[in-house]
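Dear colleague,

Please find below the structure we discussed handing over to you. A short account of the findings follows it.

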Amino acid sequence: MTQDTIAWRVSGGSGDGIDSTSRNYAKALMRSGLNIYTHRHYPSRIRGGHTYVEIRAGDEPVQSRGAGFDFLLCLGDSFARSEQEGAIYGNEELKPLTEQFDELHEGGIIVYDTGQFDEDDIAETELEERAEENNWHVYPVDLRGIAQEHGRAVMRNTAGLGVTAALLDQDVDMIEELIEENMSGDMRDANLEVLHSAYERALEFDESHDLVAPEGSHDEEHALLTGSDGIAYGALDAGCRFISGYPMTPWTDVFRIMSQKLPKYGGIAEQVEDEIASATLALGASHAGVKAMSGSAGGGFALMTEALGLAEMTETPVVYVEAMRAGPSTGLPTKTEQGDLEHVLYSSQGDSCRVVFAPANAEEAYEQSRQAFELAYDYHLPALVVYDQKLEGELRSVPVSHFDQEPAPDLGSTLTEEELRDAAHDASGKFERFQHSVEGAKEGVSPRSIPGQKGGRFLASGNESAPTGHISEDPVNRKNQMDRRLRKLTAIRGELDDGETNQTTAGPEDAEYGILTWGSTQDTVLEAVDQLNEEGHSVKAMGVSDLMPYPEAEVTEFLESVEECLVVEMNASAQFRGLTQKELGRFGDKMSSLLKYNGEPFRHNEIVEAFKDSIDGGQPAAQNVKFVPAAGD
Amino acid sequence: MSAFSAINDEEQEIDQDTFTPGIEPQATWCPGCGDFGVLKALKQAMPEVGRTPDETMLVTGIGCSGKLNSYFDCYGYHSIHGRSLPIARAAKLANPGLEVIAAGGDGDGYGIGGNHFMHTARENHDITYIVFNNEIFGLTKGQTSPTSPKGHKSKTQPSGSAKDPVRPLTLSLASGASYVARTAAVNPRQAKEVLKEAIEHDGFAHVDFLTQCPTWNKDAKEYVPYTDIQDDDEFDFDITDRREAADAMYEAESRLWEGEVLTGRFYHDTERPSYAEEKRSIGEAPEDSLAERYFDDDAEWGKSVEEIRQHHT
């Protein structure tokens with residue numbers, strides 16, 4: 001059997017090295033010329049519990065996890081089998097095996113560790129019957145035994161990679177290379193022995209399957225990156241040299257990456273007492289002349305919102321990241337959702353004056369994180385990058401050349417001391433930082449000075465202020481200042497419209513139907529649209545990244561061109577469809593929603609099926625998605 | 001030339017009026033308010049420290065104390081209730097050449113901003129923190145504050161507060177502040193000297209500044225007379241010794257509750273390195289000013305693609 005893509009899944013317990021094992025294998029596949037997409041599933045606990053990582057690889061770019069998978073490497077849950085913990089986790093012992101059955105493709109492969117599982121327990125899972133039914137090819141291997149023979153039991157994941165390479169007809173050297181790069185000393189030697197021993201042993205199998213890894217052909221150097229990597233590297237290249245944060249899943253990923261990198265780039269990272277401090281530290285650093293960022297997940301972002309308003313009023317540039325997980329409140333800590341849209345758009349007192357981007361993948365995360373810094377510092381406002389647990393954890397292969405861009409350490413609309421000498425000052429020598437309009441400056445922007453500059457002193461206040469920064473309740477000044485701040489958004493919209501668009505479109509221009517989506521759901525929708533068109537439907541899609549200011553013209557044109565439009569997003573109240581209707585003031589009768597909010601991201605086939613159901617005017621067949629409004633309403 | 005030439009500029013004349021705004025907004029503090037005492041002491045202390053308005057950044061919270069920023073001429077950030085410290089901390093880290101002063105009230109500093117207070121002291125950031133302590137919420141019109149005495153009656157505590165007030169000095173010392181003093185608006189000479197010392201101190205300097213609120217806290221009158229703890233033979237203690245300082249603080253705070261006011265220096269640790277120094281010593285902060293680098297045409301800006309090649313390919 002030859003196929004365009006292969007989906008390989010490794011399952012086990014949290015803390016078993018599932019993550020590092022899959023990362024190595026993904027890298028090996030990428031180096032063999034394949035395009036990669038990985039999906040990570042993990043519970044909210046430190047060790048134990050059922051976890052898996054799925055790698056989908058193909059010669060063509062892979063945009064989502066696809067439907068189901070082909071190869072299961074089941075390591076078992078070591079924690080569950082520990083005598084001490086057995087009582088607690090015993091009932092989960094078989095989950096790494098049984099939980100995978102529903103999604104394993106017909107003709108798929110199962111490798112499980114006989115060193116971990118008891119044959120009687122396996123019998124209880126009815127593996128044999130199910131394998132027969134689905135034409136699965138089952139290979140029981142004593143991975144634990146092999147690992148112990150040459151090293152330690154924990155190295156059984158390396159043994160699993162050896163078996164995988166043998167069964168998929170792959171060159172074991174590519175895994176060997178990664179072990180050599182990532183390990184040293186006895187650890188490396190032991191792992192290499194485990195790898196080769198397992199590989200040799202698996203070659204002896206009387207293979208019954210015909211599944212092989214696809215051949216890759218990209219000739220360009222690729223890198224394996226998550227959305228978090230994209231945001232962090234984008235920030236670094238934008239000249240960000242200060243980050244403050246407090247750990248919270250899934251934001252911690254960006255915070256961790258930046259904390260590890262920043263000192264090397266001469267910057268400062270601060271882990272502080274809470275998100276309130278984290279958000280305000282970033283303001284202090286930015287006010288003092290450094291490009292700064294902070295962020296959190298929904299719960300922590302709730303604490304940051306007062307600082308967000310302060311940034312808007314004091315016109316302090318800053319970039320905040322909001323990494324969504326399923327809410328409300330602490331919700332599902334390690335599961336994904338796009339439920340914080342309204343939270344990031346309108347939280348904090350008064351009228352919102354901020355920029356909000358929702359990148360769709362690692363490349364966009366890099367671009368839009370750079371753009372967020374550029375706009376924040378040019379226009380003196382907070383810029384937000386919103387992403388979610390899905391994008392946080394998914395590894396994608398991206399051509400390295402994409403990131404080969406010059407750093408942009410420009411502080412934006414900031415005056416030098418020479419320029420300050422000619423700037424407006426009041427009679428007491430105070431710089432008029434908040435003038436109602438400044439000739440030559442960007443629309444709505446009153447250029448700033450930095451503390452320590454001669455002749456630049458001013459007061460930045462969370463209260464409404466006169467041009468000098470002093471508190472003012474004068475109604476005329478108030479209106480002028482508010483108008484000026486809001487004018488910035490209009491100017492930014494114009495600037496974004498003139499540049500390369502952040503919105504992604506796919507499908508035939510004259511398509512009958514449209515699918516509209518935003519953020520990380522985009523690439524799954526694009527894959528669904530490809531399939532729908534291949535099947536003879538006439539569909540096009542648009543993935544929106546600019547949430548504020550909203551890309552009015554682009555979305556209007558898209559919606560005008562289609563008969564009906566399905567809006568796909570991961571929340572229960574159709575927040576993005578609501579935003580679109582609010583911003584455009586029409587199309588209410590053209591749009592309906594496909595929603596998913598069970599903690600899992602969409603699979604492209606769910607969108608394909610739901611689209612067909614929706615044009616038939618029916619209900620979605622799948623249990624975990626819903627239409628709003630329901631057909632017939 | 002430096003982009004921040006105001007920093008360490010010796011040419012500018014610094015006198016008593018240097019920090020007075022040329023166009024002084026009409027003060028909205030009530031007649032007889034202790035906040036005037038803080039303003040005056042600070043205006044007197046700064047020239048003696050030798051700092052200019054352009055190299056000084058004052059971060060305030062909100063409320064009556066927050067208005068200090070309108071009557072004191074320097075770079076100012078009038079932020080939100082309780083948040084002056086994190087803003088001040090980061091500004092100092094970003095540009096260590098700045099003189100950074102944070103100020104707030106007792107509700108601001110010991111209530112809503114209590115967590116920041118504890119952690120800023122713990123980290124020993126090189127900033128000065130002045131808390132206007134009048135034992136009342138003033139601008140919101142007279143509610144009980146974290147330092148209001150037990151039994152204090154107010155609109156929100158009609159039967160009298162059931163809570164013991166916080167002990168700001170003890171809290172500060174226990175959290176790790178390296179300079180702790182208490183002074184009072186009614187004692188201008190000491191106030192100026194204490195602020196000067198605090199600003200010159202290399203580390204977190206906390207000044208609990210007793211101010212009277214003639215409108216909402218009539219008990220404020222009890223701040224007079226006060227006793228300078230250094231001038232009193234009864235309190236002969238070593239201000240560099242944590243244990244002796246702790247005892248003196250405990251005593252001073254207990255006596256304040258009884259109506260006797262003890263002010264002065266309570267703790268001064270000149271040995272402990274500031275947070276920025278600690279961070280620099282482990283390689284997590286640059287030697288130079290981060291802010292300066294953005295104006296330096298020769299600054300090297302690392303490019304992340306090298307990092308991506310190294311770790312992700």
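In helix H20 of chain A, the buried residues are A:Gln522, A:Asp523, A:Thr524, A:Val525, A:Leu526, A:Glu527, A:Ala528, A:Val529 and A:Leu532. Please bear in mind that this is a predicted model. Helix H20 of chain A covers residues 522-534. After H20 of chain A comes A:Gly536, which has a positive phi, near 100°.

The second topic is the interface of the two chains. Chain A contributes 78 residues to the contact and chain B contributes 66. Together they bury about 5,900 Å², and carbon and sulfur atoms account for 57% of that area.

In one salt bridge, the side chain of A:Arg457 meets that of B:Asp73, with 3.0 Å from N to O.

On the side of chain B that touches chain A, the elements giving two or more residues are helices H2 (68-71), H3 (84-94), H5 (114-123), H9 (275-281), H10 (290-293) and H11 (304-312), together with strand E2 (75-78), of chain B. By class, this side of chain B holds 33 nonpolar, 20 polar and 13 charged residues.

Yours sincerely

Conventions: Residues numbered from 1 in each chain as written. Chains lettered and ligands numbered in written order. Predicted model: local features only at pLDDT ≥ 70, side-chain atom pairs only at ≥ 80, totals over all residues. Heavy atoms only, no water. Helix = DSSP H or I, 4+ residues; strand = E, 2+ residues; numbered from the N terminus. Expected span 1.5 Å × (residues − 1). Buried < 20%, exposed > 50% of the residue type's maximum accessible area, 1.4 Å probe, protein only. Contact = heavy atoms within 4.5 Å. Buried area = accessible area lost by both parts, 1.4 Å probe. Salt bridge = Lys/Arg side-chain N within 4 Å of Asp/Glu carboxyl O. Nonpolar A, V, L, I, M, F, W, Y, C, P; charged D, E, K, R; others polar.
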